[in-house]
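Here is a short report on one protein.

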Amino acid sequence: MPASDSEDGPISPQSRKIIHIDMDAFYASVEQRDNPDLRGKPVAVGGSRERGVVAAASYEARKFGVRSAMPSITAKRQCPDLIFVKPRFEVYKEISQQIRAIFAEHTPIIEPLSLDEAYLDVTKNLQDIPLARDIALKIRAKIKQQTGLNASAGISYNKFLAKLASDYRKPNGQYVISPEMGPAFVENLAVGKFHGIGPATATKFNALGIRTGLDIRNQTQAFLEAHFGKSGTYYYWIARGIDERPVRANRIRKSVGAENTFFEDLTELNTMVEALQPLIDKVWRHCEATGNRGRTVTLKVKFFDFEIMSRSRSTETLIGNRDDLGLAAVQLLKTAMPLPKPVRLLGVSLSSLQRTDEEAEQLGLPI
């Protein structure tokens, strides 16, 4: 993959300066900021109903094992004193715009991943600050000053390592992974800690006897591609600390999805419909948070023998609410019944995404 270019010619991938900013427990922290009665208490943003799901958890709640995307009933079981708060996405969007304005004081090359995290390429920055760590410190201090919220930062020479680094000193910290540190940092990392490797893929790696970055590095590219398809190429390079993906300003995702691998295979329609609900919730939360809407709903089914089946349905107009998304996903499942084999995994995705006009105007994007 080619390196990014600048006015002075090509920039070496090892010379890039990339910052990953990640707000700490963003939704929950906003609620605790705005309601003093919630401070210091375990808080979950999301629905408390039986089929509700946790959108975000405060650090007090995380001590009890409460995590985002966890069913609310499970979260309440793990933390009986958990306080549920309804999400206020308009408030989160407004604060996110404040934060992005701070980013823009340093670089125009900003790639938002969600309301609460973004990549910044500060190789050539607007304030001519030589050290990326100093830029990160200034950004985090100004975020705290203007919003009262804490942000963590990771600084490195590529996106993969910057993302890893931002998790290293959470909450309210930052960490630098230099080019000299990169390969060694990755080789000691458990595969489950790799950004982009979920639980199901980590389990597949472990079944092959691959448990660390060094284990991945010891495999050939052909071996990884044979077992993981196109992703195998990505794993081959990041295991060596190499990731040449550029920071892409104003990137809009083409699709958003959620999936879950079950401890026990599913065979009954009602059980599968219930299992789809938190996935539908998660996809729609992304739509609400980003202002994106889509036209194509896809259902993914992975059977116990790892065979995959997918079904899609497109609508003439953008899907405008969670109920319509849920209805489409469940209908796709019903039309596929009876399924030939027990189900190991279910997934829901929404594609052909585009921003609503209002959101595009807020972000200063072309409509």
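This is a predicted model: local features need pLDDT of at least 70, side-chain atom pairs count only at pLDDT 80 or more; totals for chains, interfaces and linings use all residues.

Strand 3 (residues 18-23) runs antiparallel to strand 8 (residues 117-121), with 5 bridges joining them. Strand 3 is also antiparallel to strand 9 (residues 151-156), through 6 bridges. Two strands pair if DSSP finds at least two bridges between them.

Residues are numbered from 1 along each chain as its sequence is written, and side-chain values use heavy atoms, with hydrogens and water left out.

Strand 3 is mostly covered: 6 of its 6 residues are buried. Buried means under 20% relative accessible area (1.4 Å probe, protein chains only). Ile18, His20 and Asp22 point one way from the strand. Ile19, Ile21 and Met23 point the other way.

Now the whole protein. It has 14 helices and 16 strands; these are DSSP runs, with helices (H or I) of at least four residues and strands (E) of at least two. Its radius of gyration is 21 Å, close to the 21 Å from the globule rule for 367 residues, so it is as compact as a globular protein of that length. The radius is taken over C-alpha atoms, and the rule is 2.2 Å times the number of residues to the power 0.38. The C-alpha atoms fill a box of roughly 60 × 55 × 45 Å along the principal axes. Buried residues make up 47% of the 367.

Definitions and conventions. Buried means under 20% relative accessible area, exposed over 50%, partly exposed in between (1.4 Å probe, protein chains only).
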